[in-house]
Each structure stands twice: as C-alpha cells, then as structure tokens.
Amino acid sequence: MKRMGKSKKICLFFAVIIAVSLLVVSYVERFFAPIIRTMAVSRSEVLLSQEIANEINETMSENGITYGDIISFVLDKDGRINAMTTNIVTANKLKSFLALSILTRITNVDETELSIPVGNLTGISILSGRGPEMKVKVIPIGSVQTELSSQFVSAGINQTQHRIIMEVTSNVDIILPSETVSTTVSVNVVIAETVIVGSVPDSYAEIRVPIE
C-alpha cells in the first residue's frame, strides 16, 4: 500500500511538472510571438529588398541597357529639347524581363540567409547573435509587379536631372515555426538617369510622371 501511495505521489509530481512546463512554454510562446513576427518580417523585407535591387542592377549592367534605350529627345531647329518620348517596346520588355528574373531570384533565397539567432529575441545586447537559430522561409505569392516611373530633380542652375525608376512590388508569405505572415516588399531603384541642360519640355515637366 505504501509503495502504491508513493507511486501515485511520483505520478502526480510529474503530472504537475508537465502541466507547469506546458503553461510556461505557452506563456513564452505568446510573449515572444510578436517579437518573432516583427523581427522575421523586418529581416525578410531587408534581405528581399537587397536581392531585388541587386537583380535589377546586375540585369541592367549585363544587358548594357542605358538611358538612351528608354528615352529619346526630340530637338527643335535650334537644338533645344522640344519633347521627350519613351520607347514603349523597350520599356515593356524590360518590365516583363525584370519581373521574371526578380521572381526567380527571390524564390531561390536560401532559408539559412533568413535564420534568426534566438538570443536576438531577448533584446539583450550581449546575447545578440547567440543561441540556436530559428529558420524563416519566404515564399513569393503570385507574380512580381514592376512599373517604370519618371522623376525630375534640380541639378543646378538651368540643369535638371531626369531619372528613370523601376518600382517593384512583391507579396510574400513568411513561414515561421508557429504561423505564416504575409507582407509586401516594395523597392524603387534608379535604373538610368541623365542631366538635361536648359528647360524641360512642358509635357514632361511634372515632378513624377508614370511611363505608360
């Protein structure tokens, strides 16, 4: 009888330990969940923004695409800029090609590049970068959207800098150990620019004009 009573006490003891452990784990999970979510989203957005920018710059460089391939000037009889035109075919091909290459690149982002040391979750500086790493996986949702826009910036007396900007938007799912978070990554990269000496044509004089 004493042995049976002792066994029951041992079982009760372990049952209490397990119950307390589960409560602690549940509490810690709820406490750290917002921190993990915020850190994972921030880390993912930074890494993907870098990957997108690198892909755009590498593609432009490898294919030798310049400002003159996208924009042409129409001059008057005195050699002054009368109008600016967009090479629609080149612009659309560039948008489509970059959308595909960017999607391919971010799809191949390795999970190890998005690992987060558990020590970072504590907020304690001496523990930053320490402890086991939590893997974060990023999955692009659908396709990457690309748009070209135009921007004019004053570059000095009677000079205007004209920039062609590639706007990239990608929706992604970030898979965490306990949940999946969706976010949108938006990146603007200057892909070509030139300095216009003299007045800017009225048809292109707005600060920001989408390139159709």
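Which residue forms a salt bridge with K95? The partner is E147, and the closest N and O atoms of the pair are 3.5 Å apart. A salt bridge here is a side-chain nitrogen of Lys or Arg within 4 Å of a carboxyl oxygen of Asp or Glu. K95 lies in helix α3 and E147 in strand β6, so the pair ties together parts that are 52 residues apart in sequence. Helices (H or I, at least four residues) and strands (E, at least two) are DSSP runs, numbered from the N terminus. K95 is buried, at a relative accessible area of 15%. E147 is partly exposed, at 42%. Buried means under 20% relative accessible area, exposed means over 50%, and partly exposed lies in between (1.4 Å probe, protein chains only).

The model is predicted: local features need pLDDT of at least 70, side-chain atom pairs count only at pLDDT 80 or more, and totals for chains, interfaces and linings use all residues. Residues are numbered from 1 along each chain as its sequence is written, and side-chain values use heavy atoms, with hydrogens and water left out.

Six salt bridges were found in a search of the whole structure. Side chains of opposite charge can pair when their charged atoms come close. One of the six joins R105 to E55. Their side chains meet at 3.0 Å, N to O. R105 sits in helix α3 and E55 in helix α1, so this pair links distant parts of the chain, 50 residues apart. E55 is buried, with a relative accessible area of 13%.

Another salt bridge joins the side chains of E193 and R163 (3.6 Å, N to O). E193 belongs to strand β8 and R163 to strand β7; the two are 30 residues apart. Both count as partly exposed, E193 at 42% and R163 at 24% relative accessibility. Salt bridges that share partners also join E51, E55, E58 and R105 into one network.

E51, a member of that network, lies in helix α1, which spans residues 2–62. E51 counts as buried, at 14% relative accessibility. Its side chain makes a polar contact of 2.7 Å with the side chain of R105. A polar contact is a pair of N or O atoms within 3.5 Å; within protein, one must be able to donate a hydrogen and the other to accept it, and residues adjacent in sequence count only if both atoms are side-chain atoms. Beyond residues up to four places away in sequence, E51 touches R105, I106, V109 and E113. Contact means heavy atoms within 4.5 Å.

The largest nonpolar core has 41 residues. Such a core is a set of buried Ala, Val, Leu, Ile, Met, Phe, Trp, Tyr and Cys residues joined through side-chain atoms within 4.5 Å. The residues with the most contacts inside it are I52, I56, I102, V136, I164, M166 and I191. At least two core residues come from each of α1, α2, β2, α3, β6, β7 and β8. Helix α1 gives the largest share, nine residues. Leaving aside neighbours within four places in sequence, M166 is in contact with residues including I56, L98, V189 and I191. K95 and E147 are also among the contacts of M166.

Strands β1 (residues 71–75) and β2 (residues 81–86) run antiparallel and are joined by five bridges. Two strands pair if DSSP finds at least two bridges between them. F73 stands opposite M84 in β2. The two strands form a hairpin with five residues between them. In the turn, G79 has a positive phi of about 80 degrees.
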